[in-house]
Amino acid sequence: VAVASETAVYAFGYGTDGCLGLGHKAHAGCPTQVEFFNGKRVTAVACGRQHSLVLADMCLYTFGVSSFGATQTPLWKPYPMYSPSEVPDMTARDIKRFLAGGYHTVVWGDGGLFTHGDPA
């Protein structure tokens with residue numbers, strides 16, 4: 001997943017389990033625009049083993065596999081997530097940095113450090 005401009009996010013590679021955010025599980029051999037982010041101001045992305053994070057319009061979005069809660073979504077959310085979904089409780093926080101690991105996510109912003117997923 002990559003930011004090509006302030007309003008364009010592209011994904012490519014292994015698409016199983018929705019980790020590309022394209023709305024399906026097909027692989028993408030060439031960069032393909034993630035339509036969900038059209039018109040949103042994108043400032044950063046992070047990619048984990050099977051999930052990705054995108055900061056857009058001061059909201060944090062995630063997609064892909066939620067192994068061990070890595071996507072920070074409630075357990076009732078569909079698994080896997082093929083399209084971007086806003087991360088609860090992260091809206092309007094001043095997110096300074098974030099990362100997506102193998103099975104975890106770390107967000108640093110207003111109120112401290114937030115972690116979700118498997119810490120191993």
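Buried means under 20% relative accessible area, exposed means over 50%, and partly exposed lies in between (1.4 Å probe, protein chains only). The model is predicted, so that local features need pLDDT of at least 70 and side-chain atom pairs count only at pLDDT 80 or more, while totals for chains, interfaces and linings use all residues. Residues are numbered from 1 along each chain as its sequence is written, and side-chain values use heavy atoms, with hydrogens and water left out.

Q: Why is G15 called buried?
A: G15 has 1% relative accessibility; the limit is under 20%, therefore G15 counts as buried.

Q: Which residues is G15 in contact with, leaving aside neighbours within four places in sequence?
A: They are L20, H24, K25, A26 and H27, where contact means heavy atoms within 4.5 Å.

Q: What makes F36 and F37 an edge-to-face aromatic pair?
A: Rings of Phe, Tyr and Trp (its six-membered ring) pair if their centres lie within 6.5 Å; planes under 30 degrees apart count as stacked, over 60 as edge-to-face and the rest as tilted. The centres of F36 and F37 are 5.0 Å apart and their planes stand at 85°, so the pair is edge-to-face.

Q: Why is F36 called partly exposed?
A: Its relative accessible area is 33%, which lies between the two limits. F37, at 0%, is buried.

Q: How do you know that the charged end of K40 sits over the ring of F36?
A: The charged end of K40 is 4.7 Å from the ring centre; the rule requires NZ of Lys or CZ of Arg within 6 Å of the centre and within 35 degrees of the ring normal.
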